[in-house]
Amino acid sequence: MAELQEKQSSQAGLLHRVSQLFPFDWELVRQASAEPVPYHIKKWWFCLGGTVLYLFVIQVVTGIALTFYYIPSPDQAYQSIAEITQDVRFGWYIRSLHKWASNCMIVAMFLHLLRVYFTGGYRHPRQLNWCIGFLLLGVTLTFGFTGYSLVYEQLSFWGATVGTNLAEAVPLIGPSLAYFLRGGPEVSENTLTRFYVLHIGLLPTLAFVLIFLHVLLIRLHGVTELKFEGEEVPEEARHFRFWPDHATTELLIGVLLMYLLTIMALVFPAGLGEPANPIQTPEHIKPEWYFYFNFRLLQLTSLRVSVVFTMALGAICFLWPFVEEWLTRKFKVSDRVWVMVGVLAFLGFLVLTVWESFV
Amino acid sequence: MDETDKSSRRDWLATVAMGVGLGLSYGVFALEGLLFLLPRQIKARTRNLFAGKISQIRVGGVRPFFDLEGNEILLRRKTEREFQAFNSTCPHLGCKIHWEEEEQRYFCPCHRGVFDVDGKAVSGPPADGNQNLTPVPLQIDEAAGVIYIEVKAASRRRT
């Protein structure tokens, strides 16, 4: 008995000493992880934000791995990627994971956005988190654009050229913005290093900060309990524990995602086209699918009109919670109208994307 | 055994099964990632560089020539079919050795280092430090009557 007490007190002594060296209140972690999770989170469409986060972690891990072999210089970039794909152990796998996780991340993000829109999750008091989320969408699309350009094959090189030329059409700051992005008057070795730094340094930092704010705001506001029509959930089952119940579910979803990505990597491994040739533009150039709507828009109107239109649309989407509030107050419209607006906006995006993919 | 015992054992088994499953799944991914980071051990690539014709060297004779990096190489015909080649840089302090026909030895004039026909240091500072001449690998194509030396191929990255 005395022995046991002695052992316990020495353990407490050690803990005490560790907490002196690292004066952190672990009670906070316990409290944060003990947060009860509302029942409706068990429905998969409420887990899309977490899915994006999980895919982002995959991107960080595989991305760091890829930088071990990738060389950001015009005469070696393509060759180093060929080496990763063909020579390095599991190189094709890591690269394909990175590619497919990026695509899935954007899909999951769009779905998350739709879920938040149609459940009204952006309304008072959560307007700010919609704006942060929309910035994250912008960051993710920029990730996609810069990352694809790093491959330095024909399509990605000319994609970078077209993309930076688009920036030139932005009113007022366009020319200097394009010059800054390219590091000169045209796409060159400066562009590649700039895109590389953006892709592995600046954008990840920005993403981490925004994700932190996004999740923090979710926790500060808390999650509203939703009730669905015709669904009877007994009182004791209305909540479940974050740890370990929800955490295990998340880990399981993670494994399933990895299996899905592995299947994608096996069936459609990331390929490699012709190396970049700054002298010759290929016959058919197309951006990645998530820029199709913009690419189609670009062919429908003049450059200036389509760029300004996209920017205006982006600004409205970014500030949508406030725009909607203002319009509702001014014109006294019902929620039904906003559902219709959402459906039409999404259909418009879908039509442009599908249209472009069939042309 | 009562009901609670049974159900707690079932819970425990479920936890273990879940833990092992998750551990194995993530473990496989971690292993693949680790293997990715460890570069494969690849044998250094070499290529053959033309050194001379067999008929140009008599048995016992030595013929100097330079490789593409400017290193002088001393090629010696040991017997009718056997050849040897050494880098002419002395392993002691980097002076140039030369072949002495009468003595049948390689000699370094800087500190009087002496090497036998097989490149082994036999007297002078190199012998004290057991510093032998650096051999250069050879490829003999008897059918064509040509001698090649093996040199490192250019890095794969600069293709």
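**Packing and chain organisation in a predicted two-chain model**

Helix α11 itself covers residues 292-300 of chain A, and its buried positions are F293(A), N294(A), F295(A) and L298(A). The model is a predicted one, and the values reported here are computed from it.

Chain A contains 14 helices and two strands. Its C-alpha trace spans about 85 × 60 × 40 Å along the principal axes. Of its 359 residues, 25% count as buried. Among the contacts in chain A with a separation of 6 or more, 78% are between residues 24 or more positions apart.

The largest nonpolar core has 47 residues, and those with the most contacts inside it are L55(A), L97(A), A101(A), C104(A), M105(A) and Y152(A). Two or more residues of this core are given by each of the chain A elements α3 (48-67), α4 (77-86), α5 (91-118), α6 (127-150), α7 (154-168), α9 (189-221) and α10 (242-267). Helix α5(A) supplies the largest share, 12 residues. Another core, of 16 residues, lies apart from this one and includes A51(B), F115(B), V136(B) and I149(B).

Two residues illustrate contacts in chain A. Not counting residues up to four places away in sequence, Y152(A) touches P74(A), A77(A), Y78(A), F157(A), L192(A), P275(A) and A276(A). The second residue, L257(A), lies in helix α10 of chain A. L257(A) has 17 other C-beta atoms within 10 Å and is therefore partly exposed, since a buried residue would need 20 or more and an exposed one 12 or fewer. With neighbours within four places in sequence left aside, L257(A) is in contact with Y54(A) and L55(A). Along the chain, L257(A) and Y54(A) are 203 residues apart, yet their C-alpha atoms are separated by 8.8 Å. The other partner, L55(A), is one of the residues with the most contacts inside the largest nonpolar core.

Chain B has two helices and 10 strands. From the N terminus on, its elements follow the order α-β-β-β-β-β-β-β-β-α-β-β. The radius of gyration of chain B is 30 Å, well over the 15 Å given by the globule rule for 159 residues, so chain B is more spread out than a compact globule. The C-alpha trace of chain B spans about 100 × 40 × 30 Å along its principal axes. Buried residues make up 14% of the 159 residues in chain B. Of the contacts in chain B with a separation of 6 or more, 38% are accounted for by residues 24 or more positions apart.

Four strands of chain B form an open sheet in the order β5-β6-β7-β8, with antiparallel pairing. Its edge strands, β5 (98-100) and β8 (121-123) of chain B, each pair on one side only. On average, neighbouring strands of the sheet are turned by 40° against each other, direction ignored. Within the sheet, the antiparallel strands β6 (residues 105-108) and β7 (residues 113-115) of chain B are joined by three bridges. In this pairing, F107(B) stands opposite V114(B) in β7(B).

The contact between the chains takes 12 residues from chain B and 14 residues from chain A. On the side of chain B that touches chain A, six residues are nonpolar, three are polar and three are charged.

Conventions:
Residues numbered from 1 in each chain as written. Chains lettered and ligands numbered in written order. Predicted model: local features only at pLDDT ≥ 70, side-chain atom pairs only at ≥ 80, totals over all residues. Core = buried A, V, L, I, M, F, W, Y, C linked by C-beta atoms within 7 Å. Contact = placed C-beta atoms within 7 Å. Nonpolar A, V, L, I, M, F, W, Y, C, P; charged D, E, K, R; others polar. Rg over C-alpha atoms; globule rule 2.2 N^0.38 Å. Pairing = 2+ DSSP bridges. Axes fitted to C-alpha atoms, helices over the stretch in contact; angles between N-to-C directions.
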